[in-house]
Amino acid sequence: MSLDERFNEAADKVKSLTQRPSNDELLELYALFKQGSVGDNNTDKPGMLDLKGKAKWEAWNGKKGMAQDAAKEAYIAKVAELVAKYPHS
């Protein structure tokens, strides 16, 4: 199975969790997914009042410079960790 296939499978698998991961875990998943699928953050930073958007932006921006393939591998590993930790269907 190719890296992209494993990445997409992990993205589907994370949706099967029946318990919500912590906010920090969700931010890490978001950042790795965006870095793996888009690459470096190229969007404007959200305003001060958009706390959720700002947290997501900062998490993704923290992955700047990480190769997309490395981000995909890290995302796959993080999903495997969460599937082992939390109940899933």
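Trainee: Quick one to start: which helix does Asn-8 lie in?
Mentor: Asn-8 lies in helix H1. Helices here are DSSP runs of H or I with at least four residues, strands are runs of E with at least two, and both are numbered from the N terminus.

Trainee: What kind of model is this?
Mentor: This is a predicted model, where local features need pLDDT of at least 70 and side-chain atom pairs count only at pLDDT 80 or more, while totals for chains, interfaces and linings use all residues. Residues are numbered from 1 along each chain as its sequence is written, and side-chain values use heavy atoms, with hydrogens and water left out.

Trainee: Okay, back to Asn-8. What does its 46% relative accessibility count as?
Mentor: At 46%, Asn-8 counts as partly exposed. Buried means under 20% relative accessible area, exposed means over 50%, and partly exposed is in between, using a 1.4 Å probe and protein chains only.

Trainee: And which residues of H1 are buried?
Mentor: Leu-3, Phe-7, Ala-10, Ala-11 and Val-14. They sit on the same side of H1, because they cover an arc of only 100° around the axis. That arc is taken from the directions from the helix axis to the C-beta atoms.

Trainee: What do those buried residues pack against?
Mentor: They pack against H2 and H4. Contact means heavy atoms within 4.5 Å.

Trainee: How far apart are the end C-alpha atoms of H1?
Mentor: They are 16 Å apart, which agrees with the 16 Å that its twelve residues should span at 1.5 Å a residue. The expected span is 1.5 Å times one less than the number of residues.

Trainee: How does H4 do on that score, so what does it reach from its first C-alpha to its last?
Mentor: H4 has 18 residues and reaches 25 Å, close to the expected 26 Å.

Trainee: Which residues are buried in H4?
Mentor: Ala-71, Lys-72, Tyr-75, Ile-76, Lys-78, Val-79, Leu-82 and Val-83. Their arc around the axis is only 165°, which puts them on the same side of H4. The cover over these buried residues includes H1 and H2. On the face turned away from the buried side, H4 carries the exposed residues Ala-84 and Lys-85.

Trainee: I spotted Lys-78 in that buried list. What does it touch?
Mentor: Lys-78 touches Glu-25, Glu-28, Leu-29 and Leu-32, leaving out residues up to four places away in sequence. Its relative accessible area is 15%, so it counts as buried.

Trainee: Switching topic: which members of the largest nonpolar core touch the most other members?
Mentor: Of its 14 residues, those are Val-14, Leu-17, Leu-29, Tyr-75 and Val-79. The elements giving two or more residues to this core are H1 (3-14), H2 (23-37) and H4 (68-85). A nonpolar core is a set of buried Ala, Val, Leu, Ile, Met, Phe, Trp, Tyr and Cys residues joined through side-chain atoms within 4.5 Å.

Trainee: What does Leu-29 touch?
Mentor: Val-14, Tyr-75, Lys-78, Val-79 and Leu-82, again not counting residues up to four places away in sequence.

Trainee: On to H2. Is Gln-35 buried or exposed?
Mentor: Buried, with a relative accessible area of 0%. A polar atom of the Gln-35 side chain lies 3.4 Å from the backbone oxygen of Lys-63. For a polar contact, you need a pair of N or O atoms within 3.5 Å; within protein, one must be able to donate a hydrogen and the other to accept it, and residues adjacent in sequence count only if both atoms are side-chain atoms.

Trainee: What about Gly-36, what is it in contact with?
Mentor: Leaving aside neighbours within four places in sequence, Gly-36 is in contact with Phe-7, Gln-68, Ala-71 and Lys-72. Gly-36 counts as buried at 1% relative accessibility.

Trainee: We skipped H3. Which residues are buried there?
Mentor: Gly-53, Trp-57, Ala-59 and Trp-60. Down the axis of H3 they fall within an arc of 165°, so they line one face of the helix. What covers them includes H2.

Trainee: Last one: which residues does the UniProt annotation "domain: ACB" cover?
Mentor: Residues 3-88, according to an unreviewed UniProt entry. UniProt positions use the numbering used here, feature names are shortened, and annotations may be inferred rather than shown by experiment. In the model, that span is 65% helix and 0% strand, and its end C-alpha atoms lie 23 Å apart.
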